[in-house]
Amino acid sequence: TVVFGIHIAAPGLAITPDSVLDKVARERLSTVYMPGWKLTMLPDAVVQAYTLTAGQDCPAVSLYVSFDEATLALQGSETKLERVRIVTNLRHDQLDSVITEASLIGEAPADYGHAAELAFAFRLARQLKAQREVVRGKPETFNRPDYSFRLEGSDSEPTGEEQVHIGTRVRGAPLDLLVAEAMILANSTWGGWLAECGVPGIYRSQAALAPGVKVRMGTRPAPHAGMGVAQYSWASSPLRRYVDLVNQWQIIACARHGRTAALAAPFKPKDAALFYIISAFDAAYGAYNDFQNAIERFWTLRWLEQNDMAELEATVMKDGLVRADTLPLVFRALGTESL
């Protein structure tokens, strides 16, 4: 048996509902990201106190999932509230080109630390993804890369005059897959456990994969067709999403009280406050995403200007809209309406 640990920073152990810090988080609801800058949901000092930094003993909500080493069959799980010693932080930007698929499956040398653990985690991640795709009925496809923006010439809030660099990150890279599958495993497992304990949570569900069927948020567990899981709660980012902090409070109550958790959890079944949080979060999250897209569009146009670009290769979408092949940019191109 292999026990696979997933450790999530635990601000919910100290920040309590209706405290001063809760009011700050509830007002902002999420961290806002944009090129070269971010507005954090919680004050930076709070984030630094709870984030899982190497060399520190950090409070964590830990999910331990047991697997059969040979077949990777799931044998059970347990949740603990504990202090975890963080040995190393493995960062995407430094390691994506080093921790390759070939090194993880033994076809190339693994010249990096924690190679055996990472190899097992990668094997597990591929198995978990394959199982979800059976439920989904089709594989997940990543047709377009993720674009990353880097601004040169400023350590503070950007003014718009910085030199911008736009790079690409291939989605589904080994480290990406490993983190994503661990988070989906934690979020779906905790979602099921909340329901078993009779404790409400905030769930994301999708009734079907058909076009136009949107992901919805609610307080009851329901299948998420896009993910291919029986239920899905957001609980893996409590420092940057308010919904995750709320779910963490509910999970902490389950870890402390087990079957009587419903009596002790901050939010009770049919609690009007949960519906208010869902409604407010949905609106804010949508607005923040629109803002991020607008700022990224601004920097993409600045990149064209700074690099004196006169030509772009693009793919026709519809109604005269085209998508740039190598930039995160959709725009109208005259004369393409009939293509």
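With which side chain does the side chain of Arg 85 make a polar contact?

Guide: The model is a predicted one. In it, the polar contact made by the side chain of Arg 85 is with the side chain of Asp 57, at 3.4 Å. A polar atom of the Arg 85 side chain also lies 3.1 Å from the backbone oxygen of Gly 55. Leaving aside residues up to four places away in sequence, Arg 85 touches Gly 55, Gln 56 and Asp 57. Pro 59 is 26 residues from Arg 85 along the chain, and the C-alpha atoms of Arg 85 and Pro 59 are separated by 9.0 Å.

Arg 85 belongs to strand S5, which covers residues 74-85. Strand S4, residues 57-67, pairs with S5 in the antiparallel sense, over 11 bridges. Within this pairing, Ser 77 in S5 stands opposite Val 65.

Both strands are part of an open sheet of 3 strands with antiparallel pairing, in the order S1-S4-S5. Its edge strands are S1 (2-9) and S5, each of which pairs on one side only. On average, and with direction ignored, neighbouring strands of this sheet are turned by 25° against each other. Packed on the sheet is helix H7, residues 242-257, which touches S1, S4 and S5. The direction of H7 makes about 105° with that of S5.

Two packed helices are described by the angle between their axes and the distance between the axes. For H1 (residues 20-28) and H7, the angle is about 135° and the axes are 9 Å apart. H1 is therefore oblique to H7. The residues that meet are Asp 22, Ala 25 and Arg 26 from H1, and Tyr 242, Leu 245 and Trp 249 from H7. Sorted by class, this contact of H1 with H7 has 4 nonpolar and 2 charged residues, and no polar ones.

Another sheet can be described in the same terms. It is an open sheet of 3 strands, in the order S10-S11-S12, with antiparallel pairing. Here the edge strands, each pairing on one side only, are S10 (314-316) and S12 (330-332). The twist from one strand to the next averages 35°. S11, residues 321-324, pairs with S12 in the antiparallel sense over 3 bridges, and Arg 323 has Val 330 in S12 as its bridge partner.

Terms used. Residues are numbered from 1 along each chain as its sequence is written. This is a predicted model: local features need pLDDT of at least 70, side-chain atom pairs count only at pLDDT 80 or more; totals for chains, interfaces and linings use all residues. Side-chain values use heavy atoms; hydrogens and water are left out. Two strands pair if DSSP finds at least two bridges between them. Helices (H or I, at least four residues) and strands (E, at least two) are DSSP runs, numbered from the N terminus. Axes are lines fitted to C-alpha atoms, for helices over the stretch in contact, and angles run from 0 to 180 degrees between N-to-C directions. Contact means heavy atoms within 4.5 Å. Angles under 35 degrees count as roughly parallel, over 145 as roughly antiparallel, 65 to 115 as roughly perpendicular and the rest as oblique. Ala, Val, Leu, Ile, Met, Phe, Trp, Tyr, Cys and Pro count as nonpolar, Asp, Glu, Lys and Arg as charged, and the others, Gly among them, as polar. A polar contact is a pair of N or O atoms within 3.5 Å; within protein, one must be able to donate a hydrogen and the other to accept it, and residues adjacent in sequence count only if both atoms are side-chain atoms.
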